[in-house]
Amino acid sequence: MIDKKRGRLTLPSEANFYDETIEMLERLGADAIRDSDGTYLPEDIKDIEGVDIYTNFFPSRGHNDFAETVPFERSRYFLISDFITATEDTTEISFLKGYYPEQIIADYDYEPKDWWEVYDRTLGEVVSRDDWEVDKEKNIVSVKTIPYHVYTVNFLAYGIWDPVQMYNHITNDWGDEVAHHIPFDVRYEKSSKFVEENLENWLKENPKTDVVRFTTFFYQFSLIFNEDAKEKYVDWFGYSNSVSPEAILEFEKEYGYRLTSEDFIDQGFYNSNYRIPSKRYLDYIDFQQKYVSSKAKRLVDLVHKYNKKAIMFLGDHWIGTEPYGKYFKNIGLDGVVGSVGDGATLRIISDIDVPMTEGRFLPYFFPDEFYEGNDPSIEAKDNWVKARRALLRSPLDRIGYGGYLSLAYKFPKFIDYITKVADEFREIHDISSKATAYKSCKVAILNSWGKIRTWGAYVVAHGKWFKLGYSYSGMMEALSGMDMEVTFINFDDVKAGIDDDIDVIINAGDAYTAFSGGDSFLDPEVLTNLRKFVYEGGGFIGIGDPTAYQHQGRFFQLADVMGVDVEKGFSQGYDRYFTKEIEDHFITKDLEDYVYGEERPNVYATSDKTQILKYANNEVQMAANEYGKGRSFYAMGLAYSLENTRLLKRAIHYVAHKEDDLEKYFAKDVRLEVAAYPDLSKYCVINNSTDDVKSIVYDGKGNSHEVEIEAGDLIWFEE
């Protein structure tokens, strides 16, 4: 019998691993067992006393016996061909070139002329349907063309291999013995009926399952592979795999207009997370979320009917179930579990308003990490230290791991470390669940998405580094574990009126992306409300290309607020005399090495009032500015580092006029942070580095004492 007083930990298991599973459960104090993609739990493991049994359930994949009977109801995509330059009056386009033939095939069941579009990308116009033909045998579109114009084909395709199972299949080299999962679309009648009937039968056949772990529901985020079976296109928030003519026809009935292939293709950008969303695309997101939440609720109600709990894995087929969307609560889930890559991804999960949140920590127990000669405890330590600082601000209810336990079992050093992680997590949960962590300021992140992308800004593929994102995701990572209340707002929120309790607004991103805001900064109401907010005492922080849109002699539309603008080549005739750095400033007091990330060239100070904090390469990299009663701070970028985390904290306190509060629950050394629970008279010091550190630490009353703390460690104190 497992000691449930420890608990709050889920471990994977598998067939022919009973004794070792018992050993691991007892050693780590786990109180739940789960299966993973590629494994199953045999009856003897399901009979272990004192543990809950989590079982994966795939509503719309992994049921090939059914899927093969309804080939018309397989999932669909609108996809774009390569860009082809015409050199003659007629051009042939092999539109499937570049796609993996075991994942993508053309859909000829719907008449191509009714749903496909050929585009003259030089003109930005649709080619008349009379001017192109499809050769269905050769998968070629023949187009009447204007020589030296560029053309593409927007075509409708079937997805015949589920992309996540495909990824797992290839990663683990499952070979021909494991069938390719055929995904199907519940918008269609037979598939819609099947998912409910199949779940009910499954619930009857699995009485030992305590928790149904939906992985996830119906629509996979955008994930397309190329001809070499490598990722061609990915967007963790993408809707391109939720498209079907059936959905488009239903959409037209509800919204009164017809969507076209180009509304999904979006010039080949597929409405990525970085694109400023159009009204048509936002309407489609709203439409799918309503449908998916309603359909998912029917499945959750079935689970509850059989006295089991229903949780959702935040990943794979999660599109339409966005937990910060308007309809998520209607599903009635008992919990959400997601993969934790760092602090920001932990906050995506931990801030969700559900009865239970669980984080699946890394590494996943797969052979790409667990192989002879490798040390998986290195990734485990990095993962835990990054996530822990966020966990202290917004606690999860549970943690867990996934994959093949038999692989992890072969690495005793790794098992030792995750045993320590489990015990430390339970200690943190015991304290953080009883009181709210101390917060010094309220910060609002302003972008085109707002609340629906809470902690999801700058993401392309979940938890992965991307060149044009890390300069900004560092800001998100820093905030995830900082003593700040963080909220996410969009431009409609600004127009409706900025909440009085917001201390600081941050706008960060590349010009013309959804995160900077693009033409939203042509709206006088947006600009007026932001200026008024700062002028009357609020704080503003801009990173990268904040408020950027070339208009009326300015690139930064709030250049007056920030005291900086960008030379785009149009005003080089003006001399720039303001180049002198301020030698000492509150914001940069702890800074030795500023890691901005990607360079933003040619930023200059607009007046002698601008406080230049960092000047190099004949451009401003950091600056502060007074604006009425308010203040601003500009930074070229903010890649994640311990020093940059301190820099951002100081900047927030400065622009919020809360410098005197900085040294409350504060460590002098930037490698340390303090998390406090004043209602319990407790605080802890965490070491976020791989060094042993000695530092002065301040409590909430400003009292100081010296602390010595080992690398990666945590120490609790009473006030």
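Before anything else, my rule for secondary structure: helices (H or I, at least four residues) and strands (E, at least two) are DSSP runs, numbered from the N terminus. I'm working on a predicted model, where local features need pLDDT of at least 70, side-chain atom pairs count only at pLDDT 80 or more, and totals for chains, interfaces and linings use all residues. Residues are numbered from 1 along each chain as its sequence is written, and side-chain values use heavy atoms, with hydrogens and water left out.

**Entry 1: records**

An unreviewed UniProt entry puts "Lacto-N-biose phosphorylase-like N-terminal TIM barrel" at residues 7–438. I get 32% helix and 19% strand over that stretch, with the end C-alpha atoms 27 Å apart. The "Lacto-N-biose phosphorylase central" domain is listed by UniProt (unreviewed entry) at 442–660. Residues 442–660 come out at 21% helix and 26% strand, and their end C-alpha atoms are 16 Å apart. UniProt's "Lacto-N-biose phosphorylase C-terminal" domain (unreviewed entry) takes in 665–717. That part has 0% helix and 57% strand, its end C-alpha atoms being 11 Å apart.

**Entry 2: domains**

Next I checked the domain assignment, whose bounds come from an automatic or database source. Domain 1 is given as 9–61 + 186–230 + 244–259 + 270–433, domain 2 as 441–661 and domain 3 as 666–718. I find 34 Å between the C-alpha centres of domains 1 and 2.

**Entry 3: where domain 1 meets domain 2**

How many residues of each domain are in contact? I count 25 from domain 1 against 32 from domain 2, taking contact as heavy atoms within 4.5 Å. The two bury about 2,300 Å² between them, with 56% of it on carbon and sulfur atoms; buried area here is the accessible area (1.4 Å probe) that two parts lose on being put together, summed over both. On the domain 1 side, Asn273, Tyr274 and Arg389 lose the most area to domain 2, together 35% of what that side buries.

I then looked for polar contacts: pairs of N or O atoms within 3.5 Å, where within protein one must be able to donate a hydrogen and the other to accept it, and residues adjacent in sequence count only if both atoms are side-chain atoms. Across this interface 14 residue pairs qualify, both residues at pLDDT 80 or more. The elements giving two or more residues to the domain 1 side are α9 (279–305), α10 (343–350) and α11 (377–391). The largest share, five residues, comes from α10.

**Entry 4: salt bridges**

My rule is a side-chain nitrogen of Lys or Arg within 4 Å of a carboxyl oxygen of Asp or Glu. The count is 58, yet across the interface of domain 1 and domain 2 I get zero. One I noted is Glu250 with Lys253, closest N and O atoms 3.3 Å apart. Why are they about one helical turn from each other? Because they sit three residues apart in helix α7 (residues 245–255).

The Thr215 to Thr216 peptide bond is cis, omega near -20°, and Thr216 lies in the loop between β13 (211–214) and β14 (222–225). Leu362 to Pro363 is also cis, omega near 5°, with Pro363 in the loop between β18 (357–360) and α11. Tyr270 isn't a glycine but has a positive phi of about 55°; I found Tyr270 in the loop between α8 (261–265) and α9.

How values were computed. UniProt positions are given in the numbering used here, feature names are shortened, and annotations may be inferred rather than shown by experiment.
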